[in-house]
Amino acid sequence: VLKKENDDKIKQQLREIMWNSVGIIRKKSILKNALNKIEELTNGDIGWLIGLRLKSAKSIVTSALLADESIGAHYIVKE
């Protein structure tokens with residue numbers, strides 16, 4: 001199924017997670033929390049399209065967690 005009833009709510013939650021936790025200035029602890037929230041959303045009853053958004057978001061956050069140095073426009077705050 002391409003889209004399910006709850007997908008719009010999940011899309012809004014994902015937007016808030018990405019905006020608040022995966023911005024230009026990043027902290028590993030906040031990124032880990034964001035990844036956990038994304039994984040929770042992925043485990044729900046979701047449509048195919050929102051599933052693709054969640055996979056993309058998970059890839060972005062995972063890549064950010066693997067980065068050991070600031071690159072380009074993103075800055076990693078040392079904790």
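Arginine 26 sits in strand E1, which spans residues 25-27. Strands here are DSSP runs (E) of at least two residues, helices are runs (H or I) of at least four, and both are numbered from the N terminus. The model is predicted, so local features need pLDDT of at least 70 and side-chain atom pairs count only at pLDDT 80 or more, while totals for chains, interfaces and linings use all residues. Residues are numbered from 1 along each chain as its sequence is written, and side-chain values use heavy atoms, with hydrogens and water left out.

Arginine 26 is buried, at a relative accessible area of 11%. Buried means under 20% relative accessible area, exposed means over 50%, and partly exposed lies in between (1.4 Å probe, protein chains only). A polar atom of the arginine 26 side chain lies 2.8 Å from the backbone oxygen of glycine 23. Polar contacts are pairs of N or O atoms within 3.5 Å; within protein, one must be able to donate a hydrogen and the other to accept it, and residues adjacent in sequence count only if both atoms are side-chain atoms. Residues up to four places away in sequence aside, arginine 26 touches Leu31, Ala64, His74, Tyr75, Ile76 and Val77. Contact means heavy atoms within 4.5 Å.

Arginine 53 is placed in helix H3, residues 48-66. Its relative accessibility is 42%, so arginine 53 counts as partly exposed. Apart from neighbours within four places in sequence, arginine 53 contacts Lys11 and Leu14. Isoleucine 38 is 15 residues from arginine 53 along the chain, and their C-alpha atoms are separated by 10 Å.

The overall fold comprises 3 helices and 2 strands. Their order from the N terminus is α-β-α-α-β. Along the principal axes, the C-alpha atoms fill a box of roughly 40 × 20 × 15 Å. The chain has 79 residues, of which 29% count as buried. Among contacts with a separation of 6 or more, 72% come from residues 24 or more positions apart. The chain exposes about 5700 Å², and carbon and sulfur atoms supply 55% of that area. Accessible areas come from the Shrake-Rupley method with a 1.4 Å probe; for residues, only the protein chains shown count as cover.

The largest nonpolar core has 17 residues, and Met18, Ile38, Leu54 and Val61 have the most contacts inside it. Two or more residues each come from H1, helix H2 (28-42) and H3. H3 gives the most to this core, with 6 residues. A nonpolar core is a set of buried Ala, Val, Leu, Ile, Met, Phe, Trp, Tyr and Cys residues joined through side-chain atoms within 4.5 Å. Valine 61 touches Met18, Val22, Leu31, Leu35 and Ile38, with residues up to four places away in sequence not counted.

Leucine 2 belongs to the segment before helix H1 (7-21). It is exposed, with a relative accessible area of 52%. Beyond residues up to four places away in sequence, leucine 2 touches Asp7, Gly47, Trp48 and Leu49. Leucine 49 lies in helix H3 and is partly exposed at 43% relative accessibility. Leucine 2 and glutamine 13 are 11 residues apart in sequence, with 18 Å between their C-alpha atoms.

Salt bridges number 3. The rule requires a side-chain nitrogen of Lys or Arg within 4 Å of a carboxyl oxygen of Asp or Glu. Lysine 3 pairs with aspartate 8 at 3.1 Å, N to O. Lysine 3 is partly exposed at 49%, and aspartate 8 is partly exposed at 42%. Lysine 4 forms a salt bridge with aspartate 45, with 2.6 Å between the closest N and O atoms. This pair links distant parts of the chain, 41 residues apart: lysine 4 in the segment before H1, aspartate 45 in the loop between H2 and H3. Lysine 4 is partly exposed at 28%, whereas aspartate 45 is exposed at 56%. Lysine 58 and glutamate 39 meet at 3.6 Å, N to O, in a salt bridge. Here helix H3 supplies lysine 58 and helix H2 supplies glutamate 39, 19 residues apart. Lysine 58 is partly exposed at 35%, and glutamate 39 is partly exposed at 30%.
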